[in-house]
Amino acid sequence: MGGPGDPPEGTPEGGPGGGEDEYRSVVFDESFVRAARLQEFSAQERLSDHAPAVRRRPPMRRGMSRQALILVLLIAVAFGTAIYMGVRHPYQSPAGSGPPAEPLRMTVIPLAPQGEVPGTTDTEHLYAQSPAAQFRIGAEGIPLPAARRTAHFSDSQVTNALSIAKDYIVRSALYPEVLTGDQVRPVRVLLDPDQLDQFDQSFRQPTADGRHAPTGWLVRFDPSQAELADRQIRVQGTLQAAETDSSTLEVTADHTFVYALRPVEAGEKAAEASLFTVRRELHFRFDREDLRLHQAQLVVSYVQAGPLSCADDSTDRLHPLLAGETAKEGGPAGTDPYATGGATALCGSLAAGSQPKV
């Protein structure tokens, strides 16, 4: 039933008060009107131009805001710069790293005994009667000096370099599996990656060329000939660190190792032991990347070892002369591996005072 004043049959469809109620909530604000695609001409425009009542408006330009455009430009510039720098410097070294490591230069000098190699079954007596009587045992004979900062390296960095050098010396001259076995990995893992090819070639194809002698990298004996009679190896020497430039530390190591050896084919008979002496002067270099990765560049290795026969090849392994044996020939002059300074000959002779008195 219609309301008061409404026709009996109700408000006609489309008339005032009819379906209009459902659109009363719709508000046509100014932005909606401006966005309309159709626009009504004014009365004056319709009179003067006889134009239709409405015209179609050109679509609105919906471009990016200024902030978005600036952001896109910045990203494009950064991306282009990255590509340019990558093409211009594709193999830049990591921050703090120096030039590639130099190849190791090595010298191995055998020292022949002046007579028969002395020996006894009592290794303690051997050591007591030798210049190694006061040497320390094992790694205790490689003490770290007091570390002092340099112009470009802190105390901790200098200490780290000395520690890595000591670690290399211990692994390459005191590990039984390295001395009388075929293990090289304990030493290899401490080397700068730039030297690994040279290291591997030295053991794959030993050559007496001053670059590829395994005995320049580490100490090892012929396992078919000799074995350790006492694992209490005597050691004495020094470590020194110095800065060579703003990105490089150098550590110089000078140590004498004394091993008690005996023949492998001793059988049930108690074989006499004899002493074997190795003097090693090693020069290490470290850049900041080496210090971070606990690795070293071994650049110089100077080794004197005896008693050896000058006729034997000491490139791959050391072939020690044991108790009671003599060398077929000696070197040009007596060389004392316990004294400072070193021989420059290809083969030398052990000084008489360097052998134990038994």
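## Terms and basis of the model

A polar contact is a pair of N or O atoms within 3.5 Å; within protein, one atom must be able to donate a hydrogen and the other to accept it, and residues adjacent in sequence count only if both atoms are side-chain atoms.

This is a predicted model, in which local features need pLDDT of at least 70 and side-chain atom pairs count only at pLDDT 80 or more, while totals for chains, interfaces and linings use all residues. Residues are numbered from 1 along each chain as its sequence is written, and side-chain values use heavy atoms, with hydrogens and water left out.

## Arg234 in strand β5

Arg234 lies in strand β5, residues 226-245 (strands are DSSP runs of E, at least two residues, numbered from the N terminus). With a relative accessible area of 7%, Arg234 is buried (under 20% relative accessible area; exposed is over 50%, partly exposed in between, with a 1.4 Å probe and protein chains only).

The side chain of Arg234 reaches the backbone oxygen of Gln232 at 2.6 Å. Leaving aside residues up to four places away in sequence, Arg234 is in contact with residues including Glu124, Tyr127, Phe135 and Phe257 (contact means heavy atoms within 4.5 Å).

## The disulfide

The whole structure holds 1 disulfide (a pair of cysteine sulfur atoms within 2.5 Å). The disulfide joins Cys310 to Cys347, with an S to S distance of 1.4 Å. This pair links distant parts of the chain, 37 residues apart: Cys310 is in the loop between β8 (297-306) and β9 (334-335), and Cys347 in the loop between β9 and β10 (348-350).

Cys310 is partly exposed at 21% relative accessibility, whereas Cys347 is buried at 13%.

Note on methods:
Helices (H or I, at least four residues) and strands (E, at least two) are DSSP runs, numbered from the N terminus.
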